[in-house]
Amino acid sequence: MADEKVLEAQKWVNSTYKSIDGYKKCPEDGKIGWSTMYALIMGLQKELGISPVAANFGDGTLSKLAALGELESGWAKNKNIVKIIRYGLFCKGYTGGYSDTGYYDPDIALAVKKMQSNMGLSQSGTLHAKVFKALLNMDAYVLTAGGSEEVRSIQQWLNGRYWTKKTVDIGPADGHYSRSVQQNLMKAIQLEIGIAEADATGNFGAGTQDGLKSKAVVSEGSSGIYVQLFSAACVFNQPIVTVNSSGDTVETNTVFKTKFDSNLATFVTTFQRFSEISADGRGNYATWAQLLVSMGDPDRPVTASDTAYTITASRAKKMYSDGYRYVGRYLNEASGGGGSKMLEEGELATIFDGGLRVFPIFQDNGRSLSEYYYGNGYAHAQKAHNQAVHFGFNRGTIIYFAVDYDATDGDMPLILNYFRGVASGLGSKGKRYVHGVYGSRHVCAEVTKETYARYSFVSGMSWGFSGNLGYSLPANWSFNQIKEYKVTSGTDTFWLDRDAHRVGSDPGQSSVNRPSSPADEFINYIKSLYDLAKAYGKGNPNQLVMEYLRSESYNGNPWRALIGKVDGGFVSYVNDRNLSIWPEFKDPFTGQHLGIEHLMATANGQFVKPNPSGNISLGDVAGWGGDLMTLYGEWRRDHDSYASGATYVNEKMGKIGVFSSFGFTDLVEDADGYLIAQAVRGGKSIVEAVRDHYQGSGGLTRFRDYVHQRFGGTKSEAAAQAKKMLTDEPASADGAILVGGRISLIQQFGGFPTLMPHALPADQLDAWCNAFGNNLMQHANTETLRRAQYQANQQRLLGSK
């Protein structure tokens with residue numbers, strides 16, 4: 001909505017200064033934005049005698065303004081400057097008086113006092129040059145949506161204590177940690193450790209580091225200014241999100257304080273552990289550094305690395321002796337810049353022989369916004385998949401897709417669409433691999449939140465990136481790149497990036513071309529897990545097995561909303577006993593390699609969220625419903641080539657050798673997961689259900705039984721259930737989750753924006769859903785032939801013995 005006084009300001013400033021050299025008109029729309037503030041700044045520059053004017057409140061403008069002295073009640077030397085003050089106050093949300101008196105009147109003074117109070121300054125009512133500068137920017141001095149009162153109190157404290165210092169500007173007081181707030185905190189620290197005002201630039205240089213080491217170490221019992229600054233840095237980095245032994249997400253917070261108490265020590269210890277630095281609960285240099293800059297202490301001990309250089313046997317040996325256990329390597333060459341960075345044939349064997357694990361990276365230049373759009377993400381994902389298959393990477397490997405430039409908040413919509421393309425591209429290839437993200441803290445957090453990246457590889461070494469200043473380490477970080485250096489080993493030299501690695505996150509890969517286990521071994525594995533679940537003594541052992549097997553890939557958002565969190569205590573219990581999650585096994589009936597994690601996520605969903613008679617459930621979304629949504633998204637992505645949705649379903653759903661997000665193995669895993677869950681709900685143990693399915697006759701009749709039990713045995717009911725899955729909006733908490741998940745999945749695979757199913761013409765939607773029903777029935781009907789072939793093979797095998 002347009003603001004009358006803002007519109008008045010825009011019209012006045014444009015008409016008054018439109019002919020001035022360098023002036024750029026602002027929109028006359030009554031909406032406040034940087035263009036309006038820049039116009040007022042340029043008007044002020046004209047009144048100060050600056051020519052040409054520029055959209056920047058720099059040192060020259062500040063100096064000229066300071067020469068006027070502090071502006072106070074009664075000041076009337078320049079009526080236009082008074083107008084600029086009054087309009088600036090209106091644009092900031094303060095009432096600077098509705099009458100144009102031509103002088104600095106009591107209304108202006110009262111508004112300035114209010115603004116000074118909100119900033120955290122003493123309420124003089126006079127306008128110092130720095131306060132004038134703060135008046136003409138887009139910073140807010142009141143709590144804004146999503147802001148924290150605790151953060152705001154620190155912002156006000158920093159402003160009040162340091163605003164008169166030469167290099168310190170008045171910062172926002174809006175409750176949000178940001179780049180400017182981080183810079184003001186850094187400058188405050190520099191001033192307190194004795195750095196001269198003119199040299200307090202906010203850079204984390206050698207002088208700042210030395211001062212922190214020698215003067216600012218704090219611990220429980222300490223008090224004073226360093227504790228205030230340290231606790232402020234802690235508040236800016238909260239909450240620390242961890243998962244406790246029960247699998248619950250826990251947020252650890254602290255408050256701004258002058259004494260280092262036991263609560264602050266607890267927060268610091270949690271932060272240190274989360275950040276993978278030595279956990280002693282003290283505010284030592286390593287902790288200060290980790291709180292203040294994205295790379296932290298770049299020389300701290302770390303176990304991971306990444307490089308664009310080939311790892312030879314001698315290099316692997318040197319890296320291992322230097323303490324490294326992980327190395328990131330590229331799946332592809334750069335599209336520009338020259339040089340060779342891609343994995344070479346046989347290199348992975350050398351890496352593994354050297355005792356190192358590897359995590360793959362995909363970066364095709366990635367240094368400008370123009371490269372980030374849905375189609376490019378889709379193409380990059382397919383290329384990354386093909387390369388990962390070529391090198392033999394195992395199912396479930398995380399591939400980190402790079403954003404290797406200082407992406408701003410305004411860039412994020414395109415970057416998110418790129419990663420939706422990445423998710424869709426990997427899904428179209430059968431979901432063998434999972435996407436992670438490499439980039440600044442802000443990029444990693446946003447891509448994770450919106451596209452469900454599994455892990456984040458943070459470009460912490462680029463500490464000056466705007467996306468690293470004013471943002472906390474993302475909760476799902478796995479690697480944090482902190483320093484590039486040259487390694488010298490005899491006569492050999494190569495460049496290596498030092499990376500911190502978070503224990504319990506991405507373990508990388510220690511082998512490739514891992515063979516799928518036969519079904520018999522899978523059944524024995526399930527029995528081992530079931531025995532541990534009974535020994536654990538808490539919860540339903542069947543459910544614990546399902547939860548454990550989905551815990552790595554299907555436990556973050558949106559899975560927790562769909563079917564609940566896993567029991568983290570049981571996950572730790574199993575891992576401590578040297579078992580781990582198997583990624584796949586070989587189906588004895590089709591010879592296909594089935595993904596255990598998706599299979600058990602489906603089973604778990606149907607077990608805890610069964611569908612009511614004739615209706616859909618969140619458990620369905622964990623299986624066939626989610627696959628149906630992603631397939632719909634793929635059709636919308638490809639609809640220029642496939643006008644008929646029915647044709648798309650017929651050609652892409654449940655087909656062997658045809659890549660899609662609802663391929664043959666997805667359909668098998670949906671059916672098997674559903675049937676196993678129903679068997680367990682009927683009284684069988686998870687071991688019995690799995691054994692009967694893969695050693696008995698269950699797998700022979702999987703599609704027939706699945707269609708009969710879940711869809712009433714008819715294509716019309718299957719079509720009706722598909723329509724509900726794509727369009728229903730149940731009036732319940734689960735319904736809201738279902739609708740939100742539907743939108744997210746369809747947009748992730750279809751791009752943004754995507755035509756939603758409810759907006760399709762009725763005949764097209766019905767055709768799509770009928771095609772789903774037909775497809776299921778075809779699989780059920782052809783199963784009879786497949787079952788006969790299997791039985792004949794078994795008889796032949798028995799006859800040969």
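User: Let's start with R432. Is that side chain buried, partly exposed or exposed?

Analyst: This is a predicted model, and in it R432 comes out partly exposed, with a relative accessible area of 26%.

User: OK, and which residue does R432 form a salt bridge with?

Analyst: That would be E584, and the closest N and O atoms of the pair are 3.9 Å apart.

User: What parts of the chain does that pair tie together?

Analyst: E584 sits in strand β11 (residues 584-586), while R432 is in the loop between α16 (412-428) and β7 (434-439), so the bridge links parts that are 152 residues apart in sequence.

User: And E584, buried or exposed?

Analyst: E584 is buried, because its relative accessible area is 8%, and the cut-off for buried is under 20%.

User: How many salt bridges are there in the whole structure?

Analyst: A search of the whole structure turns up 28.

User: Give me another one. What does K527 pair with?

Analyst: K527 meets D531 in a salt bridge, at 3.0 Å from N to O. Both residues are in helix α18 (residues 519-536), four residues apart, which is about one turn of the helix.

User: How accessible are K527 and D531?

Analyst: K527 is partly exposed at 38% relative accessibility, and D531 is also partly exposed, at 33%.

User: What about R637, who's its partner?

Analyst: D638: the two side chains form a salt bridge at 2.9 Å, N to O. R637 counts as buried, with 18% relative accessibility.

User: Switching to packing. How do α18 and α19 cross?

Analyst: Their axes come within 9 Å and cross at roughly 120°, with α19 covering residues 541-550. That angle makes α18 oblique to α19.

User: Left-handed or right-handed crossing?

Analyst: The crossing of α18 and α19 is right-handed.

User: Which residues meet there?

Analyst: From α18 you have Y525, I526, L529, Y530, A533, K534 and Y536. On the α19 side they meet P541, N542, L544, V545, Y548 and L549.

User: How many of the residues in that contact are nonpolar, polar or charged?

Analyst: The contact of α18 with α19 divides into 11 nonpolar residues, one polar and one charged.

Technical notes. Residues numbered from 1 in each chain as written. Predicted model: local features only at pLDDT ≥ 70, side-chain atom pairs only at ≥ 80, totals over all residues. Heavy atoms only, no water. Salt bridge = Lys/Arg side-chain N within 4 Å of Asp/Glu carboxyl O. Helix = DSSP H or I, 4+ residues; strand = E, 2+ residues; numbered from the N terminus. Buried < 20%, exposed > 50% of the residue type's maximum accessible area, 1.4 Å probe, protein only. Axes fitted to C-alpha atoms, helices over the stretch in contact; angles between N-to-C directions. Parallel < 35°, antiparallel > 145°, perpendicular 65-115°, else oblique. Left-handed = near helix turned anticlockwise from the far one by under 90°. Contact = heavy atoms within 4.5 Å. Nonpolar A, V, L, I, M, F, W, Y, C, P; charged D, E, K, R; others polar.
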